[in-house]
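Keep the sequence and the 3D view open while you read.

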Amino acid sequence: MCVVCGTNDETEYCKRHQSAYENLVKTYDIWQRATELSWDEYLGKVIENEFTGFWAMEVAQRLKTKKG
Amino acid sequence: MTYTLIIAEKPDAAARIAEALNDKGRPAKHARNGVPYYIGSRKGKEFVACSSIGHLYTVAAEDAGRFHYPVFSFNWVPKFTVERNSKYQRAWIEIIQDLGKEADDFINACDYDVEGSLIGFSILKYALGDVTRKSKRMKYSTLTKDELAHSYDNPLPTLDFSLIEAGKTRHEVDWLYGINLSRAMMKAAYTASDKYSALSIGRIQGPTLKALAEREREINNFVPIPYWSLKCAVEIDGKTFSVRYDKEKIDTRDEAQRIVNACNGKEGLVDLVEAKKYYEKPPPPFDVGGLQAEAYRLFGYFPSRTVALAERLYLEALISYPRTGSQKLPPSIGYRNILMGLGGLVEYSDLANEILSGRLIPNEGTKTDPAHPAIYPTGNPSRRRLSTEEHRLYDLIVKRFLAVFSTPSHKERTRARISCGEFIFSMEGFRILEEGWMRSYMPYTSAKEVPMPALTEGQRIIFLDLSAHKKFVQPPSRYNPSSLLKLMEEQNIGTKATRADIIETLMERGYIRDERITMTELGFGVVDTFEEMCQDILSVDLTRKLEKDMELIEEEKKTREEVLIEAVSFLRRTLATIRTDERRIGARLTEAKRRAWLDKVAVSSCPSCRTGKLLMIRSRSTGKVFIGCSNYQSGTCSFSAPLPQHGIIRPSHRLCHTCGYPTVIVRRKKSKPWSLCINIHCPSKEKWGKRQ
């Protein structure tokens with residue numbers, strides 16, 4: 001079951017949240033090169049950003065809460 | 001006494017045609033049961049001009065039943081017998097049948113395109129006892145007196161049967177796809193939920209939805225990437241100018257800072273100054289897509305509204321036929337007469353007379369349409385006062401027409417390269433040397449001049465104020481009706497006549513919403529289902545192939561029967577797949593409907609109990625809308641919050657920057673949408689209602 005939206009899937013994330021998760025991971029490398037942020041700080045910045053897509057935001061919020 | 005029966009597409013067109021053809025003044029207007037027709041005479045022979053009112057005949061299944069599929073047997077029947085809101089059409093058919101009894105000649109005078117040919121054909125065949133073989137066809141692009149008279153006196157000797165065949169096939173194939181796939185979807189949803197749902201998909205809806213879903217996924221998955229840009233001012237002769245760093249986006253903060261440290265307050269060297277003069281041709285004349293895009297850009301008109309307004313101007317004989325795909329203006333339209341006509345209108349007299357004094361060569365575009373030229377004004381004065389919207393569109397069409405005949409504009413771009421150590425900056429200037437066509441197209445075009453000081457190579461200038469600014473790469477923009485229409489045109493989805501209606505249908509079905517088009521959960525549900533089960537329905541290849549087939553039918557290289565057999569065999573395979581997996585598909589569609597509902601009413605998780613969902617609820621006792629927790633029923637949470645009672649309220653899926661509570665978007669007429677925090681004690685609201 002998707003940990004974000006509860007969709008019946010056998011994986012941790014459903015298809016749409018999986019691709020949002022992959023995008024978050026991929027983009028972290030670019031952020032790190034640009035500003036040297038920790039993963040947690042990065043998630044915070046992504047959540048605050050007005051341009052973040054809704055699914056990416058949901059995954060980022062979930063990852064941040066999980067860590068907290 | 002016998003007469004010629006003329007069949008026009010709309011009542012206004014019938015009136016225009018009758019007036020243009022009648023030898024002596026206005027023809028006699030008659031009406032029965034609210035259906036008008038006109039009696040007149042031309043060159044000693046009487047004529048009766050009547051009209052259709054859109055399509056009077058349509059494709060319908062031979063047998064009824066809401067969920068029954070597959071359905072491959074169909075007939076052409078009067079529309080009023082199968083569509084509840086077309087009952088009024090019965091009177092039109094009865095009167096046309098009556099008028100046909102004493103006619104000995106028949107002319108289809110509907111608009112000259114596939115739909116017009118088919119409308120006239122179905123009346124001549126089904127209402128008038130199949131007189132199609134002895135009927136003639138009028139061909140015209142404007143409803144002006146001269147063109148109508150010429151077209152009546154020199155009609156095409158037969159109906160345009162190949163065009164009609166293509167039109168019939170398109171209707172039949174679209175009907176086959178639409179009814180079978182939509183019924184299969186509705187049946188699946190009914191099987192899974194025991195509830196009736198209005199769902200539909202078709203040959204054109206499918207690929208359009210898919211393109212929208214792809215864009216929506218990109219936007220929803222988007223993670224912004226930071227970059228830095230430099231802002232820099234220089235002083236030359238006591239005036240401040242801005243210069244641009246060579247690279248628009250700098251990837252890292254350190255790199256941006258390094259440039260600022262290296263150049264700020266330092267001297268730069270102008271090592272290159274170049275000026276480029278060039279001519280810019282006028283824009284091409286409008287085809288329907290171009291007009292829709294421009295009317296949306298300038299006035300915010302939806303494409304369907306633009307076509308409806310243009311249609312009214314056409315029926316007033318003010319412009320030529322608007323549903324054209326052409327960007328060509330052949331000399332046969334009579335440039336000089338049109339410009340002289342426009343010269344007689346106060347608003348356009350100066351420009352029109354100026355153009356008349358030069359050589360009349362239009363700047364045409366590349367698109368062609370065998371049936372009609374590009375959209376152009378007729379030059380006729382209007383007989384009535386145009387509404388503001390009509391006038392705006394008319395003015396746009398006239399000015400584009402005048403621009404097309406105007407001289408190119410002459411412009412100059414200047415660029416200076418300034419180096420500061422290893423870093424390169426540039427300064428750009430822009431001047432309009434001669435306005436040319438831009439003057440004819442005012443106020444619909446503008447180009448801002450950017451002044452540039454006189455610089456010489458080797459000159460030194462000081463970077464006064466250089467700073468780095470953090471920015472973010474933005475997600476791709478949403479489609480709007482105009483850009484979606486352009487995409488459909490580029491990908492050859494649908495026809496120029498149907499594209500605007502498809503967008504409206506997708507809105508009506510609840511698959512998409514808002515002017516900046518947003519895909520709903522229901523739209524995603526439909527796309528996801530078909531992506532898994534039958535990708536062909538969503539593929540542009542399928543619809544492109546059919547468009548190609550239509551062309552082949554028009555060229556008599558393929559038959560209607562062949563195309564129908566191909567469609568049926570494709571549908572048989574697809575429907576069999578859907579049927580075997582009916583329950584699973586139904587469950588997915590039902591889940592999509594549930595999500596769509598939640599998307600409309602669920603604001604976020606409850607900040608009080610953290611397990612429930614905050615929903616927008618309408619009170620049964622007071623009728624007021626408020627926010628309540630889904631755990632209220634079980635008695636574990638009583639969180640609630642008031643909402644504004646006017647306007648449309650939607651969850652924003654964003655949290656308040658001040659207090660972290662969820663927010664909603666409130667939309668009201670004549671005001672911009674605004675974000676509202678649902679927390680009544682939010683510190684951001686402390687100043688509300690207090691005088692400064």
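Let's start with a meeting point in chain B: Glu294(B), Ala295(B), Leu298(B) and Phe299(B) of α8(B) touch Arg392(B), Leu393(B) and Leu396(B) of α12(B). Here, two residues are in contact if their C-beta atoms, placed from the backbone, lie within 7 Å. Sorted by class, this contact of α8(B) with α12(B) has 5 nonpolar, no polar and 2 charged residues. The classes work like this: Ala, Val, Leu, Ile, Met, Phe, Trp, Tyr, Cys and Pro are nonpolar, Asp, Glu, Lys and Arg are charged, and the others, Gly among them, are polar.

Helix α8 covers residues 288-299 of chain B and helix α12 covers residues 388-404, and they pack at about 120° with their axes 11 Å apart. That angle makes α8(B) oblique to α12(B); angles under 35 degrees count as roughly parallel, over 145 as roughly antiparallel, 65 to 115 as roughly perpendicular and the rest as oblique. Axes are lines fitted to C-alpha atoms, for helices over the stretch in contact, and angles run from 0 to 180 degrees between N-to-C directions.

## About the model

This is a predicted model, where local features need pLDDT of at least 70 and side-chain atom pairs count only at pLDDT 80 or more, while totals for chains, interfaces and linings use all residues. Residues are numbered from 1 along each chain as its sequence is written, and chains are lettered from A and ligands numbered from 1 in the order in which they are written.

## Another helix pair: α14 and α15

Now jump along chain B to helix α14 (residues 481-490) and helix α15 (residues 499-509), whose axes come within 10 Å and cross at roughly 125°. That makes α14(B) oblique to α15(B) as well. On the α14(B) side, the contact is made by Pro481(B), Leu484(B), Leu485(B) and Met488(B), and on the α15(B) side by Arg499(B), Ala500(B) and Ile503(B). By class, that gives 6 nonpolar, no polar and 1 charged residues.

## Chain B as a whole

Zooming out, chain B has 19 helices and 23 strands. Those are DSSP runs numbered from the N terminus: helices are H or I with at least four residues, strands are E with at least two. The C-alpha trace of chain B spans about 95 × 80 × 55 Å along its principal axes.

Look for Ser638(B) in the loop between β19 (625-629) and β20 (640-642) of chain B. Ser638(B) counts as exposed because it has 11 C-beta neighbours inside 10 Å. Its C-alpha atom is 8.9 Å from that of Cys609(B), 29 residues away along the chain.

Over in chain A, Cys5(A) sits in the segment before α1 (15-35). Cys5(A) is partly exposed, with 16 other C-beta atoms within 10 Å. Not counting residues up to four places away in sequence, Cys5(A) touches Cys14(A) and His17(A).

## Where the chains touch

In the contact between the chains, 15 residues of chain B meet 18 residues of chain A. The chain B side divides into 8 nonpolar, 5 polar and 2 charged residues.

Conventions:
Buried ≥ 20, exposed ≤ 12 C-beta atoms within 10 Å, placed from the backbone.
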